[in-house]
Amino acid sequence: MKWNPLLLCCLVVMLWACNSSSVETEPAPPPPPPPVQDKQTQALLLKQDFPFDPADKNKVTGDYVAQAKIVVPADLATQSKWIMFEGPVLENDRIAYRYYADSRHRFDIYGKTVADLVMDTVSWQYHDIMNWGSDILKVGNSLGLGSPAIWYQDSLYTLSVCAEKTIEVVEDGAQRSMIRTTFTDLQIAEDTFTVVQDWSLNAGQSWSEITLRVVNGVLPDGMAFATGIVKHLPTAVNGHSDDYFYLMNWGEQSFHQENMGMAILAKQTYQPVTVADERSHALAFQDAKQTVSYRFMAAWERDLTEVKKEEDFLRLVKNATQE
């Protein structure tokens, strides 16, 4: 039997089509996972790996070790090197803040010229202007920037005397970090009560937030939570933006006598009012008997905010009321 070439070609094409339609296609590969977002905040609580030695506050025998929680020694000396930076640090891609872990409990500022997280690599030479930035605030006996206090009988009391003080890293995240401090049996004048301070910092923001609350009660009669800004400049201006009150100033007030702005922001529902103090531009919160939250922020003429003038800093402050 002779096959017609044209018919043979058609049969081959038909057989190929049938076979190819029965073959299952390979499933598409899954999409690649989203890229891991770079860490933009960190909480640092670093100390020497031995009990505090009151006879030698400069004692350093090895690397500083990260801690999740510590009980602050009651006799911890000022300017002690037992804790790196003299206390805990919160850092993000814009700025870093710390407070002194000893009885002073004052907040300080590190200005940054880089977006990288660097404070875990910084040495004790942080008062010098380095390639990453510098300590930019002289605090002394003032409230520094945003240090918590109690206003009572026309005087400011810092959170300095208590039966026990613990510091705990609650969150050390890519976008937010938080440190909790508990003042057990805090003593203010003749009264004692326990206060918890939650302190947080988010990525991309120049401001940090403090929440204070009295445990199992309220502030004693006549007392109010308070805070403030060191008086390196003679004046500070206050104003309102939406439902926030702010207190701020700008000028040559950094540790190196360069331009810097500092501000406190709080919801008007707390009824913040300015009060007189020799060392600080101070605020007391009249309607915050059990808890209060406020923000503090800074901008330095060298940092990444590129704020160079007072009006630029005011704009940054007002933006912080929207976030």
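Residues are numbered from 1 along each chain as its sequence is written. Because the model is predicted, local features need pLDDT of at least 70, side-chain atom pairs count only at pLDDT 80 or more, and totals for chains, interfaces and linings use all residues, while side-chain values use heavy atoms, without hydrogens and water.

**View 1. Tyr152 and Tyr157 form a tilted pair.** Rings of Phe, Tyr and Trp (its six-membered ring) pair if their centres lie within 6.5 Å; planes under 30 degrees apart count as stacked, over 60 as edge-to-face and the rest as tilted. This rule gives 16 aromatic pairs. For Tyr152 and Tyr157 the distance is 6.3 Å centre to centre, with 50° between the planes. Tyr152 is buried at 15% relative accessibility, and Tyr157 is partly exposed at 29% (buried, under 20% relative accessible area; exposed, over 50%; partly exposed, in between; 1.4 Å probe, protein chains only).

**View 2. Tyr270 and Phe285 form an edge-to-face pair.** The ring centres are 6.4 Å apart and the planes lie at 80°. Tyr270 is in the loop between β18 (259-267) and β19 (272-275), and Phe285 is in strand β20 (residues 280-285), so the pair ties together parts 15 residues apart in sequence. Strands are DSSP runs (E, at least two residues), numbered from the N terminus. Tyr270 is buried at 17%, as is Phe285 at 1%.

**View 3. Ring pairs link a cluster.** Its members are Tyr64, Phe85, Tyr110, Trp124, Tyr126 and Trp132.

**View 4. Charges sit over the rings of Phe50 and Tyr100.** The criterion is NZ of Lys or CZ of Arg within 6 Å of the ring centre and within 35 degrees of the ring normal. Lys59 places its charged end 4.7 Å from the ring centre of Phe50. Arg104 lies over the face of Tyr100, 3.9 Å from the ring centre.

Definitions and conventions. Helix = DSSP H or I, 4+ residues; strand = E, 2+ residues; numbered from the N terminus.
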